[in-house]
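Please view the sequence and the structure before reading on.

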Amino acid sequence: MDKMSVMKSNPLRGEVAISGAKNSALPLIFATLLAKGKHQLKNVPQLNDIDSALSLMDSLGCQSQMKNNEVTIDIGEKLETLAHYDQVRKMRASILVLGPLLARFGVAQVSLPGGCAIGARPIGMHLDALKKMGAEIDVVSGYVVAKAKRLKGAVIDLPFATVGGTENIMMAASLADGITTINNAAREPEIVDLAHLLIKMGVVVEGAGSSTIKITGQNSLRAAEHEVIPDRIETGTLMVAAAITQGEVTLRKCDPTHLESFTQVLEEMGVKCCGEKNSIHIKSQYPLKTAGVVTEPYPGFPTDLQAQLMALMTQAQGRSTITEKVFENRFMHISELTRLGAQIEVHDKTATIKGGGKPLVGAPVMATDLRASACLILAGLVAEGETVVNRIYHLDRGYEKLENKLSLLGASIKRIKS
Ligand code: EPU
């Protein structure tokens, strides 16, 4: 298994371009199942999760090809409707094939994804919604078995604004009979991106980006071409890299409007963030002030940037807090940050980070999930000496060439091949 060696680094300087969003590209890839023909997706990041998604598509009988950052997917008239455990266990987002397969073929069998390091992550809301749309659903031997002659439009009131749930319902509703209204829908930019692709495919989608989405189902859809939005989580991660090293960095090809709640917190801490149309400039100087954040669905503070912000908070003068409200177990990075000398206490869902004490000191640490890996690399940029981050395969699932981008900005970071 590869490791990452990170040395205490000079202030980062320069500019880099942001890649396409993993969490947009995945549902977009699965949405192509809704229509036969040749689909083309541009600005797709080269990541292990994307490889897993394309391998799942191929196992269903699709023909996918990735060249540089362009993906072509040829979808046939007939497809397999079984998503195997071996495919789904590699990546939870595979559950997003359920909605489109069921809507198009009237049947789908998808392995239950199970939990992961950040929580149990059930899919009850996906299934309840599909049942409300007329599907018969059983769970047999670890597989969701869903059937419906044709799904019917329905009013779905989500108990929580689930991102994947909203996406599965949107895709299922695209070929359903009549209008589906999703109340308390997720409002993430990735939802809006999915809506844009569905509209190009011929679906009528209204209200994406608000809490109520209305989808008018069609009898059939057409193949489409689409460009994936920039990755707001990669953008935020690199913003922290600039801030934690007291650097001055410009991030190109990003969308600052997708990061308003995050930018606001950095500004409160004393980091200057200047957003333009497709770029953001960050300038940071210590001392940093403390902050208190609570993670929430978009447009609230993103759970996917909580771990990275915690690394920065270890450098602020005083006590900062982070309350994690989206996932039940997303503080696994804390014990590793503590190994670097960070002073962090957790009570219930709130972590209190005491910054401004002794400097962090490099040590071997273990990445437990994707964003925890990023957090440890960021902490390594300010820790004295060398930090070696083990289990870096988590990082490769969701950051495109992060070490190259950080090196380009002057960070001392190197991959140690296994
Ligand atoms: N939940 C339920 N029941 C459901 C669905 C969700 O209880 O039927 C709970 C989950 O257990 C969790 C919360 O609701 O506690 C939020 O889950 P959500 O469905 O919104 O998340 P997701 O669709 O599984 C996506 C991202 C995650 C990101 C979350 C929240 C993708 C592929 N994944 O997951 O990204 O953290 O939304 O914003 O889009 C990451 O990139 O590191 C990552 C984990």
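Which atom of the ligand lies 3.1 Å from a polar side-chain atom of Lys22? It is an oxygen atom of the ligand. The model is predicted, with pLDDT of at least 70 required for local features and 80 or more for side-chain atom pairs, whereas totals for chains, interfaces and linings use all residues. Residues are numbered from 1 along each chain as its sequence is written, and side-chain values use heavy atoms, without hydrogens and water.

**Ligand site**
- The protein covers 86% of the 830 Å² of accessible area that the ligand has on its own (Shrake-Rupley method, 1.4 Å probe).
- Around the ligand are 22 residues, of which Met125, Thr162, Asp304, Val326 and Arg371 come nearest (a residue is near if one of its heavy atoms lies within 4 Å).
- α5 (124-132) is among the elements that give two or more residues to this shell, and α5 gives the most, with three residues (helices are DSSP runs of H or I with at least four residues, strands runs of E with at least two).

**Sheet**
- Four strands form an open, mixed sheet in the order β10-β11-β13-β12 (two strands pair if DSSP finds at least two bridges between them).
- β10 (155-157) and β12 (204-206) each have a single partner strand, so one side of each lacks a neighbour in the sheet.
- Strands β11 (residues 179-183) and β13 (residues 212-216) pair in the antiparallel sense over five bridges, with Asn183 opposite Thr212 in β13.

Key
A polar contact is a pair of N or O atoms within 3.5 Å; within protein, one must be able to donate a hydrogen and the other to accept it, and residues adjacent in sequence count only if both atoms are side-chain atoms.
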